[in-house]
Amino acid sequence: MKILVTAKRVEDPESKIKVKPDGSGIVPEGLKYKINPFDEIAVEEALRLSAAHTGDVVVVSIGTKDVHEQLRHALAMGATKAVWVNHTGALDQLAIARLLQKVVEKEKPDLVILGKQSIDDDQNQVGQYLAEFLGWSQATFASKVEALDSDAEKNKQPGLKLTADKKGLTVVREVDGGLSTLECSLPAVVTTDLRLNQPRYASLPGIMKAKSKPIEELTPAALAVDVAPKLTVTKLSSPPARKAGIKVADVPALVEKLKNEAKAF
Amino acid sequence: MPIVLIVAETQPDGGLRKASLNALTAGAQLAKAAGAELHAVVLAKDAGAVAAQVKDYGVKVVHAGSAAHLEHGLAEALAPAIADLAASIKADWVGAAATAQGRDTLPRVAARLNAAMATDVTGFTGSGADVAVMRPMWAGAVIAEVKLHTPVKVFTVRTTEFPAAEKSGGGEVKAFAPAAPKLPTKHVEFKEVKSARPNLTEAKVVVSGGRGTKGDFKEIEALADELNAAVGASRAVCDAGWQPNDLQVGQTGKVVAPQLYVAAGISGAIQHLAGMKGSKTIVAINKDPEAPIFQVADYGLVADLFKALPELRTAIKAAK
């Protein structure tokens, strides 16, 4: 079973994001970068499925050469090979999905797993766009029935389950009001939610091995994708800050404030 | 005249999802800014009853698409029906509430229409053909003004930023029968997390617990019941399996903006704040006086939640 996963380079979720005074972007100084946490869950899930059913895990990232860091991270976790789409500048979700579509058509995986959203743009679109462009089944927000401290998780069991005939995939999804279960016929696109798995740490041998694994370079031009933006961010601003509140001494003081000042009940 | 088409969602029980009323308000605001008329679409096995309900909320036309394959709300079933309708009525904008179903389906609609899309829209700016949308990025640390340059534009709205629509006269219901595509996906089951408490995203009061509860939610739930509140949770709580995932408040969970939000034993990571900092009044109870949650709380109490919550419940009962 061949699986394709994504590894977007994003600001570290612990970073403090500040807007430039002219609203043209965010202040880059002091920022650290990581693989998008949801993509890291996608890589982990792919590795578990490939361990259970054998097959390659191909990791894709789009951006400048800096994304090699995220590709090497996924390779160190255990991915087989990497594809780098070399591009400088902003890309919208339409363009990203079109680029991934071309990579998928080239690599012909049985399954694509992506993070449900990247924690910079927070758009939550690319997996769905991609599934429609490919005409494939989709299961967004994939989760797992077992908790992250369960034995199934400790034993690195995949949350995504192949059907008995191996032509389908059963996916449990986090939706409003509960959990929905879908059966996707393969090939399919799955996007990960937080509790699908707990990603592994890259081992030292894994990191050493990753250095010699291949990274194939592609470009939007070579993939024949027009990446001219159809969505532009025209201005950034900081949200209004909440006024700093007060500390109250005890519960009676809190109740007094809630009743008489906030009129909360 | 341009057309704004809002997708009104039906729930597994067949009723209208309330978040769609907030999306209708967003649609009305956009229609006003863009000089457009507001349409809605309801898709279900039998869309008639919900469509009849939606027509009273200031829409010109409600398109009621009924077909058996729409029953479980699969994106592969809904998206072609929405996109075909949008094309046939020449809609300029297609929107929905940023619910799980909205997020699942609308990008697929956008793909079919080759449209650019904005998720979690919090407002509109500009007018006519020049309308831009506002949306959060980086867990709400940044508000972006975004322009969509495709002929059809797709969006989902953050429902806490728009009040629920109110009844304002009846529109027309037009029934149609979406063609059934070959579905590559099968619905297996929906397991509802049943709760007698108010819905998290609709409640006027939310009482949330974090890692500080160590998984013991008895006092959180007791206070919630005293205040007729919904129960919420931090990511750590859901990750540990102490509470259902559906209760997670934050960047990637539910976004809430109740009148009163009580955070007990929650440190206040930016990802959590992204889901609740729009609340009117925030109360934080935490043992750690340095916890970041105190920076957004109107009233902070440095205390052990297991002592403070029962005391608070008793005091509120007496003060009501």
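Visitor: Is strand β6 (residues 111-115) of chain A buried or exposed?
Guide: In this predicted model, a residue counts as buried when its relative accessible area is under 20%. Five of the five residues of β6(A) are buried, so the rest of the structure largely encloses the strand. The strand is therefore best described as buried.

Visitor: Which residues cover the two faces of β6(A)?
Guide: In a regular strand the side chains alternate between the two faces of the sheet. In β6(A), both faces are covered, and the residues on each of them are all buried. One side holds A:Leu111, A:Ile113 and A:Gly115, and the other holds A:Val112 and A:Leu114.

Visitor: Which residue in β11(A) is the bridge partner of A:Val112?
Guide: β6(A) pairs with strand β1 (residues 3-6) of chain A in the parallel sense over three bridges, and there A:Val112 stands opposite A:Leu4. β6(A) also pairs with strand β11 (residues 188-192) of chain A, in the parallel sense and over five bridges. In β11(A), the partner of A:Val112 is A:Val189.

Visitor: How are α1(A) and α2(A) oriented to each other, roughly parallel or roughly antiparallel?
Guide: The axes of helix α1 (residues 37-53) of chain A and helix α2 (residues 68-77) of chain A come within 10 Å and cross at roughly 30 degrees. Angles under 35 degrees count as roughly parallel. The two helices, α1(A) and α2(A), are therefore roughly parallel.

Visitor: Which residues of α2(A) make the contact with α1(A)?
Guide: α1(A) passes α2(A) in a right-handed crossing. From α1(A), the contact involves A:Glu40, A:Val43, A:Glu44 and A:Leu47, while from α2(A) it involves A:His73, A:Ala74 and A:Met77.

Terms used: Residues are numbered from 1 along each chain as its sequence is written. Chains are lettered from A and ligands numbered from 1 in the order in which they are written. This is a predicted model: local features need pLDDT of at least 70, side-chain atom pairs count only at pLDDT 80 or more; totals for chains, interfaces and linings use all residues. Side-chain values use heavy atoms; hydrogens and water are left out. Axes are lines fitted to C-alpha atoms, for helices over the stretch in contact, and angles run from 0 to 180 degrees between N-to-C directions. Helices (H or I, at least four residues) and strands (E, at least two) are DSSP runs, numbered from the N terminus. Angles under 35 degrees count as roughly parallel, over 145 as roughly antiparallel, 65 to 115 as roughly perpendicular and the rest as oblique. A crossing is left-handed if the near helix is turned anticlockwise from the far one by less than a right angle, and right-handed if clockwise. Contact means heavy atoms within 4.5 Å. Buried means under 20% relative accessible area, exposed over 50%, partly exposed in between (1.4 Å probe, protein chains only). Two strands pair if DSSP finds at least two bridges between them.
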